Amino acid sequence: MPTSETGSGLPDRLLPPEGAIGSAGAASRSVAPAPVDRKRQPSGDEARGRAMRAAISVIAEKGTAALRMSDIAARAGMSTGHILYHFGKKDRLLLEVLAWSQEDLWTRFQQAADQAASPVEKLDLFVRFYLPRHRSDERYALWTQVLAQRHDEAGRHILTALLDGWDERLEAILREGRDLGQFADVDLNEFTIRAVAMLSGISEDVMFGRSRWQHTSAHAFALSALERELRPTGQA
């Protein structure tokens, strides 16, 4: 089984079916190199996290035209050989980085949700974590880069699992709120499809820089729209 240091590095549920081979595009950028201390190269999860964060930054800034592993190494302050050790080969880079980014984001979302006092607060958190923070949000830019690529069956399998992960988290929140009588008795699947489609559309607007969001909070707008539909009958 792959670990954080060897193999694909993807969570088990994101691994493609046996026999499938994934493919993805890559990105490029001229990077101001950080000094590399070859005697103190990070290892394990620390190294993988540093490499992934560097890759996200490089991809978001320069796109996927001609990414070099040396660009990521320079940004991370690591050797190119160390970067190759973690990614294996360039053609799986985008999917690997996206999968790592989403697992990291979901971990932080779950930590926050565990502290939430109600499904209403969890819904607020879901919207906040789903939407890009601003026009230059690196994680959302990464999504844009990955979705623009052509993917084989294995790549689509990974992307579908990541997209379904958002749906599953929202459905769990809706189900809890409905069972507690805090949300209306909506069709969970249908509402989730519409809600995620709305959030995705708003996200694209934010990343494009539409002027409508310069003086209006995308988070507040989206949350208000969802809460109106979820308000139980009879509540003001």
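Predicted model: local features only at pLDDT ≥ 70, side-chain atom pairs only at ≥ 80, totals over all residues.
**Helix packing and aromatic pairs around H7**

H6 passes H7 in a left-handed crossing. A search of the whole structure turns up seven aromatic pairs, and two of them get a closer look here.

**H6 against H7**

- Helix H6 covers residues 138-147 and helix H7 covers residues 153-179; their axes come within 12 Å and cross at roughly 140°.
- That angle makes H6 oblique to H7, as the cut-off for roughly antiparallel is over 145 degrees.
- On the H6 side, the residues in contact are Trp143, Val146 and Leu147. They meet Leu159, Leu162, Leu163 and Trp166 of H7.
- Sorted by type, the contact of H6 with H7 has seven nonpolar residues, no polar ones and no charged ones.

**H4 against H7**

- H4 and H7 pack with their axes 10 Å apart, at an angle of about 15°.
- The two helices, H4 and H7, are therefore roughly parallel to each other.
- Their crossing, H4 with H7, is left-handed.
- H4 brings Leu95, Leu98, Ala99, Gln102, Leu105, Trp106 and Phe109 to the contact. From H7 come Gly155, Ile158, Leu159, Ala161, Leu162, Gly165, Trp166, Arg169 and Ile173.
- The residues of the contact of H4 with H7 split into twelve nonpolar, three polar and one charged.

**Aromatic pairs**

- A pair of aromatic rings is described by two things: the distance of the centres and the angle of the planes.
- Among the seven aromatic pairs found in the whole structure, phenylalanine 109 and phenylalanine 129 make an edge-to-face one, at 5.6 Å centre to centre with 75° between the planes.
- Phenylalanine 109 sits in helix H4 (residues 93-114) and phenylalanine 129 in helix H5 (residues 119-130), so this pair ties together parts that are 20 residues apart in sequence.
- Phenylalanine 109 is buried, at a relative accessible area of 4%. Phenylalanine 129 counts as buried too, at 17% relative accessibility, as the cut-off for buried is under 20%.
- Phenylalanine 126 and tryptophan 166 have ring centres 5.6 Å apart and planes at 80°, so they also pair edge-to-face.
- With phenylalanine 126 in helix H5 and tryptophan 166 in helix H7, the pair links parts that are 40 residues apart in sequence.
- Both phenylalanine 126 and tryptophan 166 are buried.

**The cluster**

- Trp106, Phe109, Phe126, Phe129, Tyr130 and Trp166 form one aromatic cluster.
- Trp166 is also one of the H7 residues that meet H6, and it is listed in the contact of H7 with H4 as well.

Conventions
Residues numbered from 1 in each chain as written. Heavy atoms only, no water. Axes fitted to C-alpha atoms, helices over the stretch in contact; angles between N-to-C directions. Helix = DSSP H or I, 4+ residues; strand = E, 2+ residues; numbered from the N terminus. Parallel < 35°, antiparallel > 145°, perpendicular 65-115°, else oblique. Left-handed = near helix turned anticlockwise from the far one by under 90°. Contact = heavy atoms within 4.5 Å. Nonpolar A, V, L, I, M, F, W, Y, C, P; charged D, E, K, R; others polar. Phe/Tyr/Trp six-rings, centres within 6.5 Å; stacked < 30°, edge-to-face > 60°. Buried < 20%, exposed > 50% of the residue type's maximum accessible area, 1.4 Å probe, protein only.
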